[in-house]
Amino acid sequence: MSLETAWLGVLGLMLAGYFVLGGYDYGVQMLHPFLGGPREDQQAERSGQNPALDAIAPFFLGNEVWLVAFAGVMFGAFPHLEGNLLSGLYPLLVAILAGLVLGNAAVQLRRRSRGAGARRVWDALVVVGGALPAVCWGLVVGLLLHGVPRRADGTFHVGFGEVFHPFVLACGTTVLLLFAAHGAAFVAVRATEPELVDKARQLGGRLIAVSAAAGLIALLLTLFGEGAHMTNRTTSVILAAAVFAAYGAAWWSLSTGNHVRAFVSTCLATALPVLLLGAGQYPYLLITKAGHGLHIDDAVTDHETLKILSVFGVFIVPTILAYQAWSWWAFRGRTGRRHLSYF
């Protein structure tokens, strides 16, 4: 395997890790008003504690390390992709960053607010801070799958017509609902209150079903020539089938009360679209509707720089993986009342 392909794999790993770990953060943020604890005492209510947000408390900011790592790999190993991607998707990427800042600030400040009225404002901003990045990432995935228009000078440009294409909107809706279902599955795994676990299980099952329906619309549009444009069609069909299989496994697991298996299934469902983008369009990183685009050889940096980056990558990538493994091990099990001091 060439260094170029290896670094493309690292880039995909960082983005998939961010979708899986950041995805349930966004999902819990979106759902937290509907997942309030049924037996919170008066002191907890006055202090603004929320059991759904408590579930993500130990991981909340740490999960965004994967986004930083993804950006670092793209800047270092694929500078020409970075230039084209940022310029072409600038409004969506700004909206994602705005949602991240807004959500992080709202989650931190809601518990410090005094009065129910002020807390309701922060609660609404927490929801927006989760929904905005989720739907924008879905639109980005939809745009990349559908094909990004290329100008005569070789640059890529995205206009309102491309963003509001039915296929792209279907992808945005699919990812938004999938992240919400992913967050519900995470709460079902982490929470201790039986009523809260049952509420998260039922809500997650409904969200999985609606997300799958939106994904089916995107698939039908593709079959009629108005959807994804892929280079490797056989690989794409296999990966698309795997996504829907993960949906089915998540829905069945939630229906039968196997919350761990449901969460693993939603993890797969959130990670597989990244693999679909990489493997389905290889050797292109940005593709047009005509089936051509930015080739990996044109996007990657020079070979000597890749060798230098590989020396650092051998240490940095395992460090990120080890940190994540330690974080999950340190805060394993259900939350109970152990982490209420966070939020």
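Visitor: In which helix does Val260 lie?

Guide: Val260 lies in helix α12, which covers residues 259-281. Keep in mind that this is a predicted model. Val260 has a relative accessible area of 54%. The cut-off for exposed is over 50%, so Val260 counts as exposed. Now look for Ala188. Along the sequence, 72 residues separate Val260 from Ala188. In space, their C-alpha atoms are 8.4 Å apart.

Follow α12 along the chain. Cys267 is buried, at a relative accessible area of 16%. Cys136 is buried too, at 5%. What about disulfides? A disulfide is a covalent bond between the sulfur atoms of two cysteines. The test here is a pair of cysteine sulfur atoms within 2.5 Å. By that rule, the count is zero.

The peptide bond from Tyr282 to Pro283 is cis. Its omega is near 10 degrees.

Helix α10 runs over residues 194-223, and helix α11 over residues 233-256. Their axes are 9 Å apart, and the packing angle is about 160 degrees. Angles over 145 degrees count as roughly antiparallel, and α10 and α11 are therefore roughly antiparallel to each other. Their crossing is left-handed.

Which residues make that contact? On the α10 side they are Arg201, Gly204, Gly205, Ile208, Ser211, Ala212, Gly215, Leu216 and Leu219. On the α11 side they are Phe244, Tyr247, Ala250, Trp251, Leu254 and Ser255. By class, the contact of α10 with α11 has nine nonpolar residues, five polar and one charged.

Pick out Ser211 from α10. Is Ser211 buried or exposed? Ser211 is buried, with a relative accessible area of 0%. Set aside its neighbours within four places in sequence, and Ser211 is in contact with Thr174, Leu177, Leu178 and Tyr247. Tyr247 belongs to the α11 side of the helix contact.

Helix α1 spans residues 3-31, and helix α4 spans residues 65-77. They pack at about 160 degrees, with axes 8 Å apart. That angle makes α1 roughly antiparallel to α4. The crossing of α1 and α4 is left-handed. From α1, the contact takes Trp7, Val10, Leu11, Leu13, Met14, Leu15, Gly17, Tyr18 and Leu21. From α4, it takes Trp66, Leu67, Ala69, Phe70, Val73, Met74 and Ala77. The contact of α1 with α4 divides into 15 nonpolar residues, one polar and no charged.

Of its 343 residues, 52% are buried. Take the contacts between residues at least 6 apart in sequence: 81% of them join residues at least 24 apart.

Conventions: Residues are numbered from 1 along each chain as its sequence is written. This is a predicted model: local features need pLDDT of at least 70, side-chain atom pairs count only at pLDDT 80 or more; totals for chains, interfaces and linings use all residues. Side-chain values use heavy atoms; hydrogens and water are left out. Axes are lines fitted to C-alpha atoms, for helices over the stretch in contact, and angles run from 0 to 180 degrees between N-to-C directions. Helices (H or I, at least four residues) and strands (E, at least two) are DSSP runs, numbered from the N terminus. Angles under 35 degrees count as roughly parallel, over 145 as roughly antiparallel, 65 to 115 as roughly perpendicular and the rest as oblique. A crossing is left-handed if the near helix is turned anticlockwise from the far one by less than a right angle, and right-handed if clockwise. Contact means heavy atoms within 4.5 Å. Ala, Val, Leu, Ile, Met, Phe, Trp, Tyr, Cys and Pro count as nonpolar, Asp, Glu, Lys and Arg as charged, and the others, Gly among them, as polar. Buried means under 20% relative accessible area, exposed over 50%, partly exposed in between (1.4 Å probe, protein chains only).
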